[in-house]
Structure formats: C-alpha cells, structure tokens
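The sequence and structure are shown first.

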Amino acid sequence: MYLADRSAPRGSTSAPDRVRGTVRAVSPTVLALGTVSLVTDVSTEMVTAVLPLYLVVGLGLSPLGFGVLDGVQNGVSALVQLTGGHLADRVRDHKLVAGIGYGLSALCKPLLLVPHLGALGAALALDRTGKGLRTAPRDALISLSAPPEHQGRAFGVHRAMDTTGALLGPIVAFLVLGAAAGGYDAVFAVSGCVAALGVLVLVLFVPSGKKSAGGGGKAAEVPAAGAPREEGTDLRAAFGLLRSRRLRALFGCAVLLGLTTVSDAFLYLLVQRRTGIDEQLFPLLPLGTAAVFLLLALPAGRLADRVGRRAVFLAGHAGLLLAYALLLWAPATPALPYLVLVLHGLFYAATDGVLPAAVAAVVPERLRASGIALVGTGQALARFCCSLAFGAAWAAWGDGPALAAAAAGLACCAAAAGVALRPARPARPARLTGDPR
Amino acid sequence: MTLTPLRRLLILAAGVLLLAGVGTWSVLSAAGRAAEDDRPRPGGPAFTSGRIALDEPGRLVFRNTAAGPHRDRLVSVPADAPAGATRTTSDVSCLRFHAAAGTGVCLQATTLLGRPSYRAVILDERLGTLRTYPLAGIPSRARVSPSGRLAAWTVFVKGESYGTAFFSTRTAILDTRGWRLSPNLEEFTVVLDGRPYRNRDVNFWGVTFAADDDTFYATLSTRDQTHLVRGSLRARTVTALTRNVECPSLSPDGTRVAYKKRVLGTAALWREHVLDLRTMKSTPLAERRSVDDQAVWLDDATLAYALPADTGARTDDVWTVPADGSGSPRLLLKSALAPPAPAAGHAG
C-alpha cells in the first residue's frame with residue numbers, strides 16, 4: 001500500500017503523513033479484507049504458476065492430454081458469483097458466504113496432491129467455485145465499510161493488496177521449488193497452508209457485514225438467532241434491482257464494454273506478434289500489467305472519489321482503446337510493448353475497483369451483494385462471449401482485422417456508456433459521479 | 001465468548017505458527033527427497049566420465065533418468081549390449097533430445113527472473129553448442145532429419161487458449177544450413193478434407209522428417225480431432241492424410257509411420273500402431289500398455305519407446321517391439337528416454 005500511495009497524484013504533505021492519512025481513512029475492515037485477498041492470491045498464484053510445469057514435467061502429460069475445462073469453468077464461475085451474492089444478502093451474513101468461498105479454495109488444495117487428472121480437475125473446479133462465491137459478498141463488505149465519498153479509495157486499497165498477492169505467489173512457488181527440486185507436493189502443501197491463513201484472518205478480523213458500519217468493529221456482532229428477515233432480499237428483489245434506471249445503466253455499460261474487452265491471453269499474444277518480442281519474455285507480459293495495476297489502483301480509486309467514477313471509468317476504457325490503437329497502427333518501436341502494458345494496467349486500475357464502487361452507490365444495503373454480483377456476472381459472461389467471438393474473428397479474418405473490429409466496438413460502446421452514465425439531473429447530484437468536494 | 005483484540009492476535013499467532021510448521025515440514029521433506037534423488041541408488045547403472053560423440057558408430061546416446069548426480073544428463077552405451085553397460089556421461093542436460101548424422105537438438109530448462117525459462121540448443125557431433133533458441137514454453141518433442149540438416153521441436157505455450165489456465169502447443173522447424181527458423185507451423189497453409197482450412201484452435205506437434213530434407217509428417221489437432229499431416233517445408237503447406245494419429249515417427253525407408261492412436265474416447269490411453277503410407281493400412285503393435293511417447297525407429301524393423309518405470313516416479317524405461325505387429329515387447333534400457341537410432345556403421 002505504501003508503494004501504491006507513493007504515486008498518489010498530489011498533496012503538499014510529506015509521504016509518511018499521506019500514508020498515515022490514507023491508512024486512517026481506510027477502515028480496518030478493508031485492510032483486513034485486503035490482507036485476506038493478498039494471502040489468498042499468493043496461494044492461488046503459487047498453484048497457477050507451477051501447474052503447467054507439474055502437468056508436463058511432473059505428471060508427464062502429453063501434448064493437449066488435458067481437456068478444455070477452462071471455458072466452461074469461466075461460465076460456471078460467473079453464475080456461481082450470482083449465487084454467492086444472492087445468498088449473502090439472503091442470509092444477511094456476507095462474511096459467512098465469503099468465508100465459505102475462501103474455505104472451499106483452501107480445502108481443495110490437498111486434492112492437488114493426488115497425482116490424477118480427475119482429482120486435479122475437481123480441485124480446480126472447487127477453487128473456481130470458491131472464487132465465484134466469495135467475490136460479491138467480499139466487495140459488498142468493502143463497500144459497506146467505507147463512507148460513500150471514499151468508496152473508490154477503499155476498493156483501490158483492496159485491489160492493490162490483491163494484486164500484490166498475485167505478484168508474490170509465483171515467487172514463493174519458485175522459492176519452494178528452488179529448495180526442493182521437483183517438490184510440487186510441497187508447493188501445493190504450502191499453498192494450502194497460506195490459503196488456510198487467509199481464512200483465519202477473515203474469521204478473526206473481518207466483521208460480518210450484517211449492518212452497515214463506517215468503522216467496522218461494531219458490525220462484528222453475531223446475528224441474533226431467529227432475527228426477523230427483512231423483506232425484499234429474495235430472487236425477485238435481486239432481479240428487481242434492474243428496474244432501477246441507474247443500476248440498469250451500469251449493468252448495460254458493463255455488459256456492452258465487456259463484449260468489446262479482448263481477453264488478456266489474446267492481448268498478450270497480439271503484443272507478442274505485433275512487437276516481435278522474444279518468445280522467452282512472453283510469460284512475463286502479465287507481470288507488466290499487474291505491476292501497473294498495483295501502482296495505480298489506489299491513485300485511480302482516490303481520483304474517482306474526487307473527480308467522479310464515471311470520468312475515471314471512461315478514462316480507463318479510453319486507455320484500453322489507445323492500447324488497441326497502438327497495437328494496430330504504431331510502428332514496432334522498442335517502447336511499444338511497455339506502452340501497451342502500461343495502458344492495459346491503467347485500464348484495470350481505473351475500472352476493476354471503480355465499477356463495484358459505482359454499483360454500491362446505487363444499490364440499497366440489503367441488496368448490496370446481489371447488485372454487485374449482477375453487474376459482475378453480466379460483465380464476466382460478456383467477456384467470455386467476447387473471447388469466443390474474438391477467437392472466431394481471428395480465425396476468419398486474421399488478428400489485425402479482429403482487433404480493429406474490437407477497437408471499433410469498444411469506441412462505440414464507450415461513447416454509449418458515456419451517454420448512459422450521465423448524471424440523472426443536474427439538480428440532484430448522481431451518486432455515480434461522486435460527491436464533489 | 002467475545003474475542004478481545006489480544007485474544008484475536010493470540011489465535012492468529014498460534015495459527016501462523018501451526019501453518020508455518022506444516023509448510024516448513026512439507027518443504028523440508030520434499031527437499032530431503034530431492035537430495036535422496038541425487039544420490040546413486042544400489043542396483044542403478046554404473047557411470048564413467050568420457051567422450052561422447054554423436055557420430056560414433058554403434059553407440060546409443062540418450063537422456064539418463066537414473067537417480068543420482070547424472071540424472072537428466074546425456075549418456076552413451078554400446079548399441080549391441082546396452083542393458084547392463086557402464087554409461088559414459090557428458091555434462092549436457094536435456095529435457096528432450098534427438099540426434100542424427102552428427103547433429104543434435106537438446107531442449108533445456110533454465111531460469112529467468114526467478115521463473116522457469118526454456119531453450120533449444122543445437123549440438124555439433126562433440127556436443128558443442130552451435131546455436132541457441134529461446135522457447136516460449138515447456139519442451140515436449142524434438143526431432144532431427146536423417147541428414148542432420150533440419151531440426152524440429154514442440155513446446156507447450158500457456159495463455160494461448162481462449163481461457164487462461166490451459167495451454168496449446170507451438171512447433172518450430174529449423175534449417176541449420178543458413179539457420180532459417182520457421183518459428184510456428186501454424187503459419188503454414190493447412191489443407192484438410194481437400195480444402196484450405198483455417199481455425200484458431202489449430203495445434204501441431206511431433207514432427208518427423210523424411211530423407212529429402214523437405215517432407216515432414218506431424219500431428220495436427222483441431223476441433224477435438226487429431227490428424228496425420230504431410231508437410232512441405234519449401235511450399236509451407238501441410239495436408240491432412242488420416243485421423244486419430246499422434247506423435248508420428250517415419251521409418252528409415254520412408255514407407256511407414258509409427259504413431260500412437262487414442263483409444264477409449266478422450267482418456268489418456270494410447271496404443272502404438274504402424275501405418276503403411278502406400279496402403280494406408282494400420283497395424284497394432286504387440287505392446288499392450290499405453291504408450292505416450294514419440295517412438296523412434298532403431299532400424300527398419302524395430303521401434304523403441306519409453307514407458308514409466310514401476311521402480312520410481314519421474315523415471316522411464318525404454319522398450320523395443322517389432323514394427324510388424326509380431327513378437328512381444330523387450331526391455332532395452334532402464335532409467336532412460338528412448339534414444340535416436342545409433343549412428344551408421346555396424347548398428348546393433
């Protein structure tokens with residue numbers, strides 16, 4: 001977080017003062033959830049980093065011996081997210097549902113130790129299910145623990161911590177493999193321990209989110225048994241959210257923009273093809289995006305609180321559009337891959353936390369997780385469709401025309417989003433634009 | 001019970017200690033096993049240091065997988081009595097290796113910024129490095145043409161699929177005369193069912209070369225089907241010949257292709273077959289176990305391939321079987337990957 005704060009745009013106070021200020025302004029709940037995400041991401045990325053090596057060198061997998069589980073799982077994960085969000089609102093305990101999600105991902109790690117492809121597939125499926133379950137209640141907890149004018153900052157801090165974990169994971173994995181050559185079982189065991197630690201931190205330090213709380217501590221009480229359930233948390237109410245014009249606008253924009261967001265895998269492949277960088281460096285490309293995301297997540301969140309989420313969200317997509325344009329038309333200079341990765345990281349920093357912050361501002365507290373899940377699921381499914389369509393377009397027309405089509409689509413969708421997300425009436429300041437100060 | 005901040009911290013500390021203990025124990029025991037792996041085992045092959053030449057007649061050169069300090073090194077044994085022979089060791093380590101006519105291709109693992117990284121090394125007849133090429137992923141198959149002029153390799157590339165967790169293959173062919181590299185067979189024109197074919201899900205692996213230094217055979221996979229393709233390096237085309245063929249290996253006389261055929265749907269079970277290219281008739285071989293290897297022809301009548309050893313993990317044994325479907329499998333080498341055919345001379 002200190003790292004992230006260093007690149008905060010302005011302020012006359014000294015760096016340590018600003019850091020202290022930020023820490024005080026961010027609730028303990030957000031810091032605790034950030035820690036849980038950081039630790040859990042270390043665990044997940046450890047496994048992701050060594051899995052190909054383990055499959056090929058450890059299990060002796062032949063070319064393409066393993067099925068194409070992945071596409072289906074992405075779809076399932078999105079639907080599980082909807083379930084997780086709805087459940088969390090229904091039982092009025094976001095922490096419980098998030099905890100089950102984190103717990104599933106921790107519990108499936110020992111399954112990886114079974115040297116069988118079926119067990120491995122089951123472990124990965126459980127991990128995705130856990131991720132799907134926990135995402136919406138976790139984001140709801142973050143939004144419920146921060147005052148409206150600091151939502152962007154809260155999500156920024158969380159996303160920065162989350163990405164830190166993702167960057168640390170592979171390093172831990174290869175430290176273990178360095179200490180024990182071929183010790184994939186040790187990598188999985190350590191990953192399981194790290195994941196369990198994440199669950200422990202969640203259980204001990206994250207309040208249940210039963211009530212809204214600016215601070216955090218007072219929301220920690222256990223819900224009274226048999227407490228009367230408030231009306232309007234059922235499925236109909238959840239989908240009824242879409243009757244709200246402002247949520248519908250956000251949902252529509254998330255889907256539209258998701259449909260034109262080329263998946264990371266394709267983008268890195270395009271970078272590699274267009275810039276002709278060394279094939280050996282290909283696996284390092286996601287690191288570039290993650291590093292920029294980490295550095296800019298908090299500044300982007302704070303900026304969103306100050307100048308409005310709509311502006312930052314649209315600027316993020318403008319960055320992505322610029323990255324597409326560079327890949328399409330810029331000459332292959334040595335700086336090109338760096339520029340594209342910086343823009344790609346900027347896109348994530350300006351949108352990944354800002355979108356749930358915007359959703360939180362237009363959804364009532366009792367349906368907070370459902371609302372976040374609804375938009376998240378719409379976005380995930382749209383991106384999945386984009387992947388399929390982009391793959392087909394690539395096959396039919398080649399990479400350049402496919403990207404040009406995606407860029408044209410993104411430009412149109414971003415323009416439409418700019419109109420749809422306009423503040424409702426000038427007289428009543430829309431929440432989405434943040435509270436002007 | 002209410003949890004005071006102090007109690008929470010105490011529980012956290014206890015949890016951290018416990019989990020750190022479990023983690024440390026698992027790393028230490030794995031490190032212990034790795035150290036055990038580096039110690040020579042009783043009953044394993046004997047080693048001597050010496051000179052290995054890829055063009056020395058009558059010797060088999062291969063990757064040794066016996067536990068001990070020479071694991072993964074290239075070693076050589078006499079081709080006529082390989083079983084109990086003392087192995088002459090080199091200091092070259094390879095994950096995959098193939099050689100012909102004094103040219104070797106060795107796919108190696110290194111590290112870059114703390115992450116695994118891979119490269120292909122072209123070796124001369126004394127195992128000296130001629131050229132090095134970075135690889136985009138984990139090595140899978142390697143082949144050299146009978147003349148020693150062309151080399152091919154296949155690697156797994158993560159992050160090329162529509163999703164993110166799984167991976168596709170990439171196959172490259174190198175012409176060592178002029179060092180021209182065709183980095184990706186997927187750029188070649190594909191003819192399938194008599195028509196030009198394009199699809200993003202096209203993958204190639206397992207190249208095997210004919211004697212003319214232009215024709216090659218390989219596996220093409222698309223839409224959950226594998227095909228045997230015949231390609232021309234000069235024309236940059238590949239043409240599909242038949243289905244359900246993986247990891248082809250062309251006989252020295254160029255008339256037959258040994259390959260693994262998937263049985264039982266999508267399960268990882270293969271039977272080794274030989275396809276006669278003139279009649280397109282397939283013959284199953286006497287090996288009944290599942291072979292997951294690109295077999296090599298030791299001569300026009302004998303195939304060699306690796307199978308996982310029952311003695312330990314991460315170790316293969318090399319077996320041979322007659323190429324006409326007769327006879328029965330015989331153990332050729334313990335703790336080894338299948339060797340390329342011995343250099344011409346008095347082949348064993």
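Which residue forms a salt bridge with B:Asp175? The partner is B:Arg180, with the closest N and O atoms 3.5 Å apart. The model is predicted.

## Interface of chains A and B

In chain A, 58 residues are in contact with 57 residues of chain B. The two chains bury about 4800 Å² between them, and 69% of this lies on carbon and sulfur atoms.

Polar contact between chain A and chain B amounts to 2 residue pairs, both residues being at pLDDT 80 or more. Several helices give two or more residues to the side of chain A that touches chain B, among them α3 (28–58), α7 (151–179) and α16 (368–397) of chain A. The most comes from α8(A), with 11 residues. By type, this side of chain A divides into 40 nonpolar, 12 polar and 6 charged residues.

## The salt bridge between the chains

The rule finds 1 salt bridge across the interface. The side chains of A:Asp185 and B:Arg33 meet there at 2.5 Å, N to O. Because A:Asp185 lies in helix α8 of chain A and B:Arg33 in helix α1 (residues 5–37) of chain B, the pair joins two chains. A:Asp185 is partly exposed at 29% relative accessible area, and B:Arg33 is partly exposed at 42%.

In the pair named at the outset, B:Asp175 is buried, with a relative accessible area of 5%, whereas B:Arg180 is exposed at 56%.

B:Asp317 forms a salt bridge with B:Lys334, the closest N and O atoms being 3.5 Å apart. B:Asp317 belongs to strand β25 (residues 316–322) and B:Lys334 to the segment after β26 (330–333), so the pair ties together parts 17 residues apart in sequence. B:Asp317 is buried at 6% relative accessibility, while B:Lys334 is partly exposed at 40%.

Terms used:
Residues numbered from 1 in each chain as written. Chains lettered and ligands numbered in written order. Predicted model: local features only at pLDDT ≥ 70, side-chain atom pairs only at ≥ 80, totals over all residues. Heavy atoms only, no water. Contact = heavy atoms within 4.5 Å. Buried area = accessible area lost by both parts, 1.4 Å probe. Salt bridge = Lys/Arg side-chain N within 4 Å of Asp/Glu carboxyl O. Polar contact = N/O pair within 3.5 Å; in protein donor to acceptor, adjacent residues only side chain to side chain. Helix = DSSP H or I, 4+ residues; strand = E, 2+ residues; numbered from the N terminus. Nonpolar A, V, L, I, M, F, W, Y, C, P; charged D, E, K, R; others polar. Buried < 20%, exposed > 50% of the residue type's maximum accessible area, 1.4 Å probe, protein only.
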